[in-house]
Amino acid sequence: MDFGSIFQRLTSEAGAARQPYPWQSALFQALQNGSIPTALDIPTGLGKTSVIAIWLIARALGAPVPRRLAYVVDRRAVVDQATAEAEALVRALGSGEADNDLNALRNGLGLADGDTLPVSTLRGQFADNRRWSDDPTVSAIVVGTVDMIGSRLLFEGYGVSARRRPVHAGLLACDTLVVLDEAHLCVPFLALLQQIAGFRSGRTGSTRPLPPPLAVMALTATGRGHEGGTVLGLSAADEAHPQVRSRLVAPKPLELVVSDGGTALSDDLAERAWALRHADDGTPRRVLIYADRRDTAEKIHRRLATSLQKEKHPADRVQMLVGARRVKERQALAADPTYGLFLGGRPLTPDDGPAFLVATSAGEVGVDLDADAMVADLVAFERMVQRLGRVNRRGRDRPAPIAVVAAPMPKEKPEDAAERIGRLRRPIEALRRTADGALDASIEGLRDLRRRAAIDPALGQAIAAATSPVPLRPELSRPLVEAWAMTSLDEHTGRPDIRPWLRGWEEDDEPQTEVIWRQLLPWRHGERLADPGLIERFFEAAPVHLSEILEIPVSQATALLRKRLAAVLKPADAADTPSLLERHCVILLDQKGATVGHWAAKALRDVLEDDGKRKAFERQIIGKRLVLQADLGGLGEHGLASDAVADRPATLDGETGDLPAGKGWSEADLQAIGYRVRIVDGTAETEPEGRWRRDAEFRFGEGDDAASERLVVDVWRDGRSGRGDRAISLRAQSLAEHQAWVAAEAERIAGALGLAEDQRRMLVLAATLHDEGKRRPFWQDAMGAPRAGRPFAKTARRGGNPKLDGYRHEFGSLASALGNADLAALPADLHDLALHLIAAHHGHARPVIPAVLPPAGPSDAADLPPSAAEPLARAAALRFAHLQKSWGAWDLAWWEAVFRAADCRASARLDAEPLPPEKP
């Protein structure tokens, strides 16, 4: 198959099968030649997200392009078109049916028979599933936000355990093409990506070849942020292409209205949207309404819902697309029929009635919206360009009317309003006029404005004045990267918050916090004080999942807590009866899962009612995670924070079952997430069913006896668990068999990556020794290993926390490896690398690892004694520092990711085997 036929076949799953546009063919040819453009300057609505399919085809056909693609967007509020593109590619490629053409593509991507293309996004079954990082030899796609991808690149990994942060950093910075959509909106992040790519290509020290490079491609429709480099734009062939041309000139007549503020903006926008609900011939329209403020959007939503009901239309014919919504609920929006109409769904018929979508900035970027009419308030020019691109996106001949209202902001001084409106309206008023006198907001009209601005300094200055300034940003330096890379250190004075490197110093940007609701929190009934260590152990076993998170401004979180605490404590005070809410109801975690604080309801209420203490509390929760006891309420129907809602929201640790879509976490959701949280009766049989295995348990009831209720965390073991390599498994496995499996995986990975012979030998030798620390009787006893057949690497224990007293088996493995003759025969740099990989394969030794060595068993005479622990740990830390200087932070992390993949894949193989027979 040639590129055109492959492209048509793969995109048919997305319902848009067609021959590629000329610019898409040109991009494929560039990738085939190993020349990745630094930027694509393509107008909105012309299929920029097809970059994913084009990269995939090029990779499958042997082009010298990176193995992974990370598609980055600048909005958290909704999964954008990139997710749909990735899911369509998964379906189109299949899992290895009798199709020679598709199987040839699959082979080129490194997919084994029965495997599907690995995709990880922030949505549904793909949410943080880690499949993209399971096998460094297989092509994979990860879709994420600036924060999600950027934090991982800088070893901070929002939502990622400290143990896995080096894996994510190494794989994203090596052998990855990062595609930054709407790059003009995140110029500081684009600069960061370019600096990381430069650091990697300029590494000095080791004479060995670099791991594969990082490539960066910026996508933009404005030309901002990618000055210089190799830019691919529309060619003359594109201009002459019938479908491209139809989208460029699709009519969008715009009316700019300057309001004196006499009518509330929400009422003005709602009235104009209602007036546009039908075309002149009576055909219903899909009307998109943009409001800069969320409270304005909510008022518009309520008013339009009321108007729809008065005309006997369902109230759900108006939907909202806003930020500050819990991820679970915004995942459900994708399945909403009304929202689907704006995503290229079927045309409306006279029997349908109109449809409305009210959006904030969350609906400006990364969403393939297509409306028949639009109403909006006036915002910065680059945002207006994004909004205008969401109307008549498919190139229909029928005009799509647009009304833009320039109105004073709440509490804005008249002179300030006049200056702001005047500055923002000038570029809009400079658009050329249509034959009937309207402003031409078509793509071609905006391109004409851009061409004129290039030769008209006054117009260029007007556009610049109406455009949001690029935030200032700090420079990236090697000492900073090396400090962030010390991921096994909880604290480091040289490790600042990474946000300015991701987004620059943003003026007037209110700090955010994350709110999570849980029903089951880790303390016993009757306890007055919580144990911070127990809280950390619990959230290590049951970490916060992306789908639980609601990100809101700190001030809003504080106001929500004040009102909800007042509501739940008032009746409790009156009755003077103890309740769970009067004790511990709020936990504050940092992004690494460490306990920052915890409060009883009454104590926190007192803090929030005192101005000074409240301000200190607000500073404390910036960038942190507030875990609320679900009985506090505070989450509205749409996943929005609401201090008026008393009902307990659906939670990840709630009851599962046959739940309506989006109304809770189903059993399938929990299996994809990899764990579940439950209460079990201490008197009952607690062996988990099926492929669930007990990972941790905590006393929950009143007493300490065995019959007390327990809070338990079970992990899902099916070969694709996102939980990584663990000693708990579906069945016991001997140490010899496990290490042989890992060595075989290391051999396969080394061959697929084309590693040099001595590197392959190093990787395989390290794999054969990596779990030797489990050989010690101390570890075997702690993990409940059977007496017969020892030593074991995996046990099928029933639960409970092993009493290892700080001992890390990989530290014991390091002690054993020091005396291995085969390892000592390696070149010095690879010998050091092997020792580091053994010590760091669970995320420690970067640079610290607990210096604990229990006594060796009778067969382990060559092992180091406990007295050698401190010098061994110091040597491991110095080795890490030396290797990081020699290889560079990301290259060393890549080696760790490769080694860990071999270990995890061997463990997954064990979990994928048939379940052991039921006990009689």
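Student: In what order do the three strands of the open sheet sit?
Tutor: The order is 20-22-21 with antiparallel pairing, where strands are DSSP runs (E, at least two residues), numbered from the N terminus, and two of them pair if DSSP finds at least two bridges between them. Strand 20 (675-680) and strand 21 (692-699) are the edges, each pairing on one side only. This is a predicted model, in which local features need pLDDT of at least 70, side-chain atom pairs count only at pLDDT 80 or more, and totals for chains, interfaces and linings use all residues. Residues are numbered from 1 along each chain as its sequence is written, and side-chain values use heavy atoms, leaving out hydrogens and water.

Student: How many bridges join strand 21 to strand 22?
Tutor: Seven bridges join strand 21 to strand 22 (residues 710-716), and A696 has V713 in strand 22 as its bridge partner.

Student: New topic: which residues have the most contacts inside the largest nonpolar core?
Tutor: They are L154, F189, L476, L763 and W890, in a core of 97 residues; such a core is a set of buried (under 20% relative accessible area, 1.4 Å probe, protein chains only) Ala, Val, Leu, Ile, Met, Phe, Trp, Tyr and Cys residues joined through side-chain atoms within 4.5 Å. Helix 33 (residues 889-912) gives the largest share of this core, 13 residues.

Student: And what does L763 touch?
Tutor: Not counting residues up to four places away in sequence, L763 touches A746, A750, L755, L837, W895, V898 and F899, contact meaning heavy atoms within 4.5 Å.

Conventions: Helix = DSSP H or I, 4+ residues; strand = E, 2+ residues; numbered from the N terminus. Buried < 20%, exposed > 50% of the residue type's maximum accessible area, 1.4 Å probe, protein only.
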